[in-house]
Amino acid sequence: MQTITPPELSKLLLNVAPARPVFIWGPPGIGKSALVEQFAQDVGLDCVSLLGSQLAPEDLIGVPRIEGNRSVFCPPRMIARDTAYLLFVDELNACSFEVQKAFYSLINDRRLGEYHLPEGSVVVGAGNRAQDQAIVKPMSSALMNRMLHVELKPTARDWLHWAYLQGIHEWIIRYVETRPDHLWIAPPKTEETFTTPRAWHILSDALQAYGATVTPQEVEMLAAGCLSQNHARSFGAFVKQLHGNLRVELILEGKQPLPRAPEDRDVLYFVVQSIRAQLAKTLPPERDDVKAQHRLMTQQAKRVLVDLCDISLEMAMLMVGEETGEGARDLPSWFLVEVVRDLPRLAQRVAVKA
């Protein structure tokens with residue numbers, strides 16, 4: 001199955017959905033519903049959304065009534081429309097098998113009993129994957145084979161473009177700009193909050209409801225109720241860093257010191273994570289591709305690492321250690337070799353100056 005981005009999904013729906021139904025796979029909270037609704041708005045179609053996990057067969061085929069000496073099934077008013085529209089069935093693979101069978105003729109023939117979808121109507125389905133710890137049932141082969149399937153993967157760039165237009169809270173936009181790898185993670189196997197674009201939207205609404213008087217403690221509480229534990233901690237530290245006017249680029253340039261106070265440990269944790277993410281994003285994988293700006297960043301990072309060793313060996317290890325999780329990126333091996341080679345000499349130089 002092909003993985004696509006939100007802009008690619010919009011193009012796919014525009015070209016394929018009028019001819020054949022499309023099914024969108026992906027973990028919960030990444031914006032499948034919002035993208036489909038936005039597509040419907042862009043092409044001038046009303047969007048009728050059904051939630052598969054809450055459907056019964058009669059919700060689609062309707063109930064019978066007697067006309068003369070025959071019974072006729074009457075589809076629900078919400079579906080039986082006179083003008084073209086987009087029918088979006090979310091959590092389609094959470095339906096019972098009886099409901100899935102009711103979709104066969106709708107998806108294949110655009111028909112429910114004697115009712116035919118108006119010309120120009122579009123049918124789109126979506127659902128979570130088994131590994132997403134969501135409510136899913138095996139989709140019958142007959143239904144699976146009636147649709148074109150793609151898997152949606154959100155990107156920070158696309159989400160940030162949407163977030164600016166939607167008025168998402170400034171702190172969240174700035175945080176995701178700094179840590180795009182924290183936009184979402186795979187759902188955990190336990191009953192824990194986890195980070196998704198939807199979760200960031202919920203946190204934005206909560207922050208805006210509290211207003212400008214929200215305290216750092218309240219920020220941490222709200223974040224912990226929406227995001228994964230690590231991301232909530234990191235976001236809380238980011239907000240504290242904003243209040244303290246700390247900037248990662250100034251720390252790298254040596255124009256601002258690292259926070260050393262015990263009460264600022266979570267801020268230091270965020271700064272170190274951000275520096276590591278910037279190194280992983282900026283430094284080229286191969287030494288042959290290293291340019292002057294990469295060499296400068298390498299020297300700055302080594303100096304920061306020496307300071308970290310003086311503050312906390314744990315934080316120093318965090319900066320150069322292996323990172324796990326969704327979107328994790330390794331530091332270039334040539335950079336790690338240089339760190340191992342040069343760190344004792346750099347530490348001695350700092351000790352002499354002290």
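Modeller: Happy to. The sheet is open and has 6 strands in the order β1-β10-β2-β9-β6-β3, with parallel pairing; two strands pair if DSSP finds at least two bridges between them. Strands (E, at least two residues) and helices (H or I, at least four) are DSSP runs, numbered from the N terminus. At the edges sit β1 (3–4) and β3 (46–51), each of which pairs on one side only.

A word on the model before going on: it is predicted, so local features need pLDDT of at least 70 and side-chain atom pairs count only at pLDDT 80 or more, while totals for chains, interfaces and linings use all residues. Residues are numbered from 1 along each chain as its sequence is written, and side-chain values use heavy atoms, with hydrogens and water left out.

Now for β6. 6 of the 6 residues of β6 are buried, so the strand is largely enclosed by the rest of the structure; buried means under 20% relative accessible area, with exposed over 50% and partly exposed in between (1.4 Å probe, protein chains only). In a regular strand the side chains alternate between the two faces of the sheet. Here Y85, L87 and V89 point one way from β6, L86, F88 and D90 point the other way, and all are buried.

What does β6 pair with? β3 and β6 run parallel over 6 bridges, and C47 stands opposite L86 in β6. β6 also pairs with β9 in the parallel sense, over 4 bridges, where the partner of L86 in β9 is V122. Further along, β2 (residues 22–25) and β10 (residues 148–152) are joined by 4 bridges, again parallel, and F23 has H149 in β10 as its bridge partner.

Next, the helices on the sheet. Helix α1 (residues 6–16) lies across β1, β2, β9 (122–127) and β10, running at about 165 degrees to β10. Axes are lines fitted to C-alpha atoms, for helices over the stretch in contact, and angles run from 0 to 180 degrees between N-to-C directions. Helix α2 (residues 32–42) packs on the sheet too, touching β2, β3, β6 (85–90), β9 and β10, and its direction makes about 175 degrees with that of β6. Back in α1 you'll find L14. Leaving aside its neighbours within four places in sequence, L14 is in contact (heavy atoms within 4.5 Å) with F39 and V43. L14 and G68 are 54 residues apart in sequence and 43 Å apart in space, C-alpha to C-alpha.

Then come α6 and α7. Helix α6 (residues 156–166) packs with helix α7 (residues 170–178) at an angle of about 165 degrees, with their axes 10 Å apart. That makes α6 roughly antiparallel to α7, since angles over 145 degrees count as roughly antiparallel, under 35 as roughly parallel, 65 to 115 as roughly perpendicular and the rest as oblique. Among the α6 residues meeting α7 are W159 and L160, and the α7 side includes I172 and V176.

Finally, W200: setting aside neighbours within four places in sequence, its contacts include W159, I172 and V176. W200, L203 and F235 have the most contacts inside the largest nonpolar core, which has 49 residues. Such a core is a set of buried Ala, Val, Leu, Ile, Met, Phe, Trp, Tyr and Cys residues joined through side-chain atoms within 4.5 Å.
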